[in-house]
Amino acid sequence: MEITILTFGILSDLLEKEEFQVQLTPEMNVLNFKQYLLENFSKLNGYSNFSVAINETYASDDTIIKEKDIIALIPPVSGG
Amino acid sequence: MNERISIKVTSCPLKLEDAYNFVEDPSCGGISVFVGTVRNETQGKKVLRLDFSAYEPMAIKEMEKIAEEALAKFSITKIAIHHAIGILSVTEIPVIIAVASPHRKDAFKACEFAIDTLKETVPIWKKEHFECGEVWVNAHP
């Protein structure tokens, strides 16, 4: 299934893009998705210090990713 | 949205009176305001400017959650949480939080709760620009 990924902050710089699509296997959870990114995107250079939001809400490691979800990669925030 | 809450993420300069006027209320005995300002140095290095970016729809949702939680936790009447994005220079204002309450202690506490939580949860990022280079704040543990 095709999923849209949004990147922010340092992750946009590392990946050199703010939005892209990936093909994921069904029933993948957030933890496995993070492992998938680290294994398939060498530009991350092992950077794993980020949270995942699904459809604009923080997701836990065991959340299952569904078709048409919008996934955001959220590095440590620094607003204020 | 809850009429006791004002949330804003904007690329325009923040105005203190917008947050203040929103929370002003006849039932309140005090208004507490926190204004975040761009500091001229970080760990001894001179800061030229900060560049703020946001995941805007989620930032607004997370700011609404903070405001709703503050209304539930403290005896406050109204709360405004406004954040600016884009390039800000030293002394300019990235964030304003204003809280009105019948008694002052709740306004102080809610204001502190709101800025502390915003810094932990709201998807907004700042890049510090120095004379020699730039860095994403908090990106590395």
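How many positive and negative side chains does chain B have, and how far apart do the centres of the two sets lie?

1. Chain B carries 17 positive and 20 negative side chains, with 3 Å between the centres of the two sets. Lys and Arg count as positive, Asp and Glu as negative, while His and the chain ends are not counted; each charge is placed at NZ of Lys, CZ of Arg, CG of Asp or CD of Glu.

2. A word on the basis: this is a predicted model, where local features need pLDDT of at least 70, side-chain atom pairs count only at pLDDT 80 or more, and totals for chains, interfaces and linings use all residues. Residues are numbered from 1 along each chain as its sequence is written, chains are lettered from A and ligands numbered from 1 in the order written, and side-chain values use heavy atoms, leaving out hydrogens and water.

3. On the fold, chain B has three helices and nine strands (DSSP runs: H or I of at least four residues, E of at least two, numbered from the N terminus). Their order from the N terminus is β-α-β-β-β-α-β-β-β-α-β-β. The radius of gyration is 16 Å, close to the 14 Å from the globule rule for 141 residues, so chain B is as compact as a globular protein of that length (C-alpha atoms; the rule is 2.2 Å times the number of residues to the power 0.38).

4. Now the partner: 28 residues of chain B and 21 residues of chain A make up the contact (heavy atoms within 4.5 Å). The two chains bury about 2,000 Å² between them, 58% of it on carbon and sulfur atoms (accessible area lost on being put together, 1.4 Å probe, summed over both). B:Y55, B:M58 and B:W125 lose the most area on the chain B side, together 33% of what that side buries.
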